[in-house]
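Biologist: I'd like to go through this one with you. Can you put it up?
Modeller: Here it is.

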Amino acid sequence: MTRKLLLTLAISLTPALFTTACVAADTASPTAPVLKKAQWPFAATEFARFDEPWAMSFLPDGSLLVTEKKGALKHFNVQTRKTATITGVPEVAYGGQGGFGDVLPHPDFATNQLIYLSYAEEGDGDTRGAAVARARLALAADRSGTLEDLKVIWRQTPKVSGKGHYGHRLAFGPDGKLWITSSERQKFDPAQEMSGNLGKLIRLNDDGSVPADNPFASQGGVAAQVWSLGHRNALGIAFDARGKLWVHEMGPAGGDELNLIERGANYGYPVVSNGSHYDGRDIPDHDTRPEFAAPKVTWTPVISPAGFIIYNGTQFPAWKGSGFIGGLSSKALVRVAFDGDNAREAERFDMGERIREIEQGPDGAIWLLEDGSNGKLLKLTPKA
């Protein structure tokens, strides 16, 4: 039975299942084991709870910054397990998939105290778009704080209607450049259009200016920001030990992807995808159009990926070099094994809750944020 026939049958039986990739059903991968709690090689310790947490990043002192989707920035002391509020955050357009997004310290935070924030902001009329701002974090003795000299350094162009597919994941590369995932806002075709920056991977200098060596710099305008194009809803970004960049994105009905990012490459959406439209219409697979870069891993049924690290710590030595992806609909922690420029799902840990975010702690532990209004902050450490 073909993938298209299977998908059509599934849609006819359960039409509500495919309203969005964020809530699509997931079943076990036929090639990777799914491990229940009793089989986990780690212990999961709850440290705190947050209201719709979306992202987190560690500061050099080992404390955590956590964004809450409705618009709050929290500072969490791992040692005392106390949470304080950071004021001076920008106003966010909350609703649907929109709100406060990522938080990321500058590589030289210890000396400049700069952090970067992504969020959805309102536009004219009924429009919205992602934005990235830079600010200086001033912390008080009680570990509360405020953002000073906040300045927007990047915006999605154009702002459009709807409340989905912002992306706005942030990372700094080994070269000190700032990388931003800019999703296609559920508008499909803009991912292939260089007149805007939707459906693109963005590379900037740390002040928001455009590096002269970007692949489309000579075109000027927003095209100059672009490193790669043809992306759908990119919600995880990480560099491996070789400095290679990997990005995962939610596919349509089926076809979640993990991509190895190449300079100037086109990843094909919406012209090609290993998934299909929610109404059952087929999208040609990547192998029908070899001019488009194909994903290294696809998931059908989907995992609804969110958050991403490539582990380089010492607490789990067997996992050094593995990727870890949070699963929303799959309610899982997905481990990916890499072999040079290739990758595969190695195993899946059934977490029982939607996993929104994942980070590696300074001591090599793995930290997870559950999705939702009472999302747990969990620390994963090896079982004794």
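Biologist: Which residue lies over the face of Phe-47, and at what distance from the ring centre?
Modeller: Arg-81, at 3.8 Å from the ring centre of Phe-47. A charge counts as over a ring if NZ of Lys or CZ of Arg is within 6 Å of the centre and within 35 degrees of the normal. This is a predicted model, so local features need pLDDT of at least 70 and side-chain atom pairs need 80 or more, while totals for chains, interfaces and linings use all residues. Residues are numbered from 1 along each chain as its sequence is written, and side-chain values use heavy atoms, without hydrogens or water.

Biologist: What lies over the face of Tyr-166?
Modeller: Arg-185, at 4.1 Å from the ring centre of Tyr-166.

Biologist: Ring against ring, then. How many aromatic pairs?
Modeller: The count comes to 16. Rings of Phe, Tyr and Trp (its six-membered ring) pair with centres within 6.5 Å; planes under 30 degrees apart are stacked, over 60 edge-to-face, the rest tilted. Trp-179 and Phe-239 have ring centres 5.8 Å apart and planes at 70°, so that pair is edge-to-face. Trp-179 is in strand S12 (residues 178-182) and Phe-239 in strand S15, so the pair ties together parts 60 residues apart in sequence. Strands are DSSP E runs of at least two residues, numbered from the N terminus.

Biologist: Are Trp-179 and Phe-239 buried or exposed?
Modeller: Both are buried. Buried is under 20% relative accessible area, exposed over 50%, partly exposed in between (1.4 Å probe, protein chains only).

Biologist: And Phe-188 with Tyr-269: stacked or edge-to-face?
Modeller: Their ring centres are 6.4 Å apart and their planes at 25°, so the pair is stacked. Phe-188 lies in the loop between S12 and strand S13 (200-204), and Tyr-269 in the loop between strand S17 (256-260) and strand S18 (297-299), so parts 81 residues apart in sequence are tied together. At 37% relative accessibility Phe-188 counts as partly exposed, whereas Tyr-269, at 5%, counts as buried.

Biologist: Which rings form a cluster?
Modeller: Ring pairs link Trp-40, Phe-42, Tyr-311, Phe-316, Trp-319, Phe-324 and Phe-349 into one.

Biologist: New topic. What's the order of strands in the open sheet?
Modeller: S1-S22-S21-S20-S19, five strands with mixed pairing. S1 and S19 are the edge strands, each pairing on one side only. Two strands pair if DSSP finds at least two bridges between them.

Biologist: Do S1 and S22 pair parallel or antiparallel?
Modeller: Parallel, over two bridges, between residues 34-35 of S1 and 342-350 of S22. Val-34 stands opposite Arg-348. S21 and S22 are antiparallel over eight bridges, with Val-336 opposite Glu-345. S21 and S22 form a hairpin with two residues between them, and Gly-340 in the turn has a positive phi of about 65°.

Biologist: How many bridges join S19 to S20?
Modeller: Five, and the strands run antiparallel. Ile-310 stands opposite Gly-323 in S20.

Biologist: Why is S4 largely enclosed by the rest of the structure?
Modeller: Because five of the five residues of S4 (residues 64-68) are buried. Leu-64, Val-66 and Glu-68 are on one side, Leu-65 and Thr-67 on the other.

Biologist: What does S4 pair with?
Modeller: S3, antiparallel over five bridges, and S5 (residues 72-77), also antiparallel over five bridges. Phe-58 stands opposite Leu-64, and Val-66 opposite Lys-74. The S4-S5 hairpin has three residues between its strands, with Gly-71 in the turn at a positive phi of about 130°.

Biologist: How much space lies in the largest pocket?
Modeller: About 1,100 Å³. Here a pocket is an open set of points on a 1 Å grid over the protein atoms alone, with protein on both sides within 12 Å along at least five of seven lines, and lining residues have an atom within 4 Å of a point. Points join across faces, edges and corners, and volume is the space filled by 1.4 Å probe spheres set on them.

Biologist: Which residues lie nearest the pocket's centre?
Modeller: Phe-172, Phe-239, Ile-309, Ile-310 and Glu-359, out of 38 lining residues. Strands that each supply at least two lining residues include S11 (167-172), S15 (233-239), S19 (305-310) and S23 (355-360).

Definitions and conventions. Helix = DSSP H or I, 4+ residues; strand = E, 2+ residues; numbered from the N terminus.
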